[in-house]
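Hi,

Here is the structure I promised to pass on. Have a look at it first, and then read my notes below.

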Amino acid sequence: MLSDLRVGQYIHGKSLLHQLDPRTKLWCLMVLSMASFMLETWLGIGAISLVLLTLMKLSQVQLKWHLSSIKVIWPVLVLTLLLNAFSIPGTTLFGIGSLILTTEGLKAGLLLAVRIVLIILITSLFSFTTSPIKLSGGVESLLKPFNKLGLPGAELALMMSIALRFIPTIVEEGERLLRAAQARGGDLTSGNLLKRARSLTPLLIPLFLGSFRRADELALAMEARGYQVGGRRTSFHELKLQSMDYWVLLFSSISFLALIGTRFI
Amino acid sequence: MEFRDVHYTYLQTGPEVKVLKDINLSIFSGDFLSLIGSSGAGKSTLLLHLNGLLKPTQGKVLYKGTDVHTKDFKLKELRRKVGMLFQYPENNFFGQTVYEDVSYAPKNSGKQGKDLERAVGLALERVGVPKNYLSRSPFGLSGGEKRRVALAGVLAMDPELLVLDEPTAGLDPTHRQQFILLMQELHKQGTTVVMVSHEMDQVSEIGGRTVVLEQGRIVAQGTTRQVMTECDLCNWGLDLPEIVKLGRSLSLVYRGGPVLTEAEALEGILQQRGGKGAK
Amino acid sequence: MIAVNDVCFQYNSSEEPVLEHLNLQVRSGEMLTIMGANGSGKSTLARLFNALLIPQSGSVLVDGLDTAKELEQAGIRTKVGMVFQNPDNQIVAPTVEDDVAFGLENLGVEHKEMRERVQLALARMGLAGYAEASPSKLSGGQKQRVAIAGILAMNPKYLVLDEAGSMLDPKSRKELLNIVVELKHQGMGIVMITQHPEEALMGDTLVILNRGKIVHQGTPREVLGLEAALLNQYGLDTTTMSRLANSLRKRGVELPKGILTVEEMVNALC
């Protein structure tokens, strides 16, 4: 059910990727994602897939977790492929009535689908190897320079960390509500999308009210422990770039620059 | 209702967890069955099998002799007959008014108009919530009232079997007492009750039958009197009811057996003292 | 000492008062237990102790610091730790150690010292092996221990527990109670709000709150020894043995006053 969802989950480990500074990984995440969209030849896509596979191997995360994150978006991929294949004009491969499948469309659809797969794999690789708390620490430290401009970096990072803390709790709560509804004869799994959506609406009331109450109580608990908005805070996690981080940053940046270079030449 | 060799394994990211092992259990019409055990023993998981919300990984759950997970069996029918009140049920109100929430279940089973109104009215009457509450928001009621409205939401299906997961948790003592009386009243009216409870004193006052669950296995079952007075609950991380402790220390006897309830202890002590006085 | 002096409180000026003319003291190394039905004002009272709420009249002084003075509030919150009812809604961070560190981060404690204090607090609560665990994977009892560890890390002098055991199973509740009693022996001043007579029994002073007023105050033995019918009026209950003792007395059995536990009952009857 809901808890089968693996996207955005951290898998504990001690691999090289786990040890990298979150800021380094954020940078790599950005570079790799942009590269997957900039590369237009299959050779390029192949190259970046190779890099990604190596990284996946390095992460020591079981292959099934990587695959499970693709499983979730399966329908999106098929839809992307079909929409492109039938909507882009070009050489007709075959046609059913007014629907015409073109070679160009198929190619474009396939490329886009592969890119989506790449992005999903890259993002989930990042989340599998970066603990939420390190991530929010990384974001906080990256936003620090903006503090002077009035951007509440520390608050944003705290918000993120709280959100991460409560995702499992809210998923649990959703599951509990589904069960309670089913136990009272609620039919939530059959019928078309509209019917299902309508049968879920009564569940939103307790879900929202529960969340509001939770937020209220949490705010109180935070205040009780001396939290003040805008107060000077120190951090339990001190981020420090290691030599490995510098190497990775250097290598990824040079590769990225080279890639941009080839586009302009 | 019957469990035959039921196993349930919970699949998670980590290693699989065997929550239930070798469960063999029969629930008879007219039972008041208490399910006790330390937390994590699998009590709530067992309850979820009673209306088919969970499917055993191994073994069968039978309702009047038919396996509830066969194709022909209508789980929806079963869920109408097995009313389930979850822990802290006031967190699961499915409506903005008492009427809306209590009518949720009967509406789902196709009741309309006068029939629906009658079902709601009857359910509220059974839990002792006055009619003028119908248009009120269930969220604004007191703790005890909320719990009773939640119960009405289950009773509105007119279930044969009432399943309650820690029904009195979080209530203050007077409301706790009221709620137990209410459950006993419903039981008298012919509803079969299965209840998970952590409060041993509560279980011993209610009587009926008791099943002890420990690490997914049934380690004891029998009448509550047998289980409470003959078994060593401490072995399973449970406390003895206060009265049973007292009864053991003083060897109190009521009608030839060990005492179980407060009233029995009172008579037992008076008898014992009376005997002493005569000597 | 925390001194509550003639405190009145109401949420909105239009509504009726939640607390009326309360006077209480909490001393180091002592436990004050407060019993009251839902809606008696006990949670409101709890929040007055560390300046989460400020009384309209009267004062709450923590070691001389006034909760009404904004400049003194930060200091008060370091001195008075608070454990809430719902274990789920008071843990802020996605890992146990981060949550324990939260209060220290707010205080601006330096990194190295923070690590040490977090480790120490976790060890004291028997959570050393759970430092990197996700709180959502813990049991209710463990979550409450995380909450207490987070407070201990701040080296408080007083601990307020607002029905902290009410959502736990009896075993975890007893463990929590043992922890609290241990902290009391170490010199901490404790305020424990509860509806369980067995917990109220552990206090040095027991106060019964009904509709915002203190209706009984005394040793737990005095207060819980009251007629069950009287306590029922306040939505409360006494221990099974106290109830039984009262029934026995009515049937002509002579028993000493203040029987609360099985042991005491056995001694009285033998």
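Let's start with a helix pair in chain A: the axes of α2 (residues 22-38) and α5 (residues 103-129) come within 9 Å and cross at roughly 175°. Axes here are lines fitted to C-alpha atoms, for helices over the stretch in contact, with angles running from 0 to 180 degrees between N-to-C directions. Helices (H or I, at least four residues) and strands (E, at least two) are DSSP runs, numbered from the N terminus. That crossing makes α2(A) roughly antiparallel to α5(A), a label used for angles over 145 degrees. On the α2(A) side the contact is made by Lys25(A), Leu29(A), Leu32(A), Ser33(A), Ser36(A) and Phe37(A), and α5(A) brings Arg115(A), Leu118(A), Ile119(A), Ile122(A), Thr123(A) and Phe126(A). Two residues count as in contact if their C-beta atoms, placed from the backbone, lie within 7 Å. By class, this helix contact has 7 nonpolar, 3 polar and 2 charged residues (Ala, Val, Leu, Ile, Met, Phe, Trp, Tyr, Cys and Pro are nonpolar, Asp, Glu, Lys and Arg charged, and the others, Gly among them, polar).

Before you go on: this is a predicted model, where local features need pLDDT of at least 70 and side-chain atom pairs count only at pLDDT 80 or more, while totals for chains, interfaces and linings use all residues. Residues are numbered from 1 along each chain as its sequence is written, and chains are lettered from A and ligands numbered from 1 in the order in which they are written.

Chain A also meets chain C: 26 residues of chain A are in contact with 32 of chain C. On the chain A side, α6 (132-143), α7 (153-183) and α8 (193-224) each supply at least two residues, and α8(A) gives the largest share, 8 residues. That side divides into 12 nonpolar, 6 polar and 8 charged residues.

Chain C itself has 11 helices and 10 strands, and its C-alpha trace spans about 70 × 45 × 30 Å along the principal axes. Of its 270 residues, 53% are buried (20 or more other C-beta atoms within 10 Å of a residue's own, all placed from the backbone). Among contacts in chain C with a separation of 6 or more, 61% join residues 24 or more positions apart.

Cheers

Conventions. Angles under 35 degrees count as roughly parallel, over 145 as roughly antiparallel, 65 to 115 as roughly perpendicular and the rest as oblique. A residue is buried if 20 or more other C-beta atoms lie within 10 Å of its own, exposed if 12 or fewer, and partly exposed in between; C-beta atoms are placed from the backbone.
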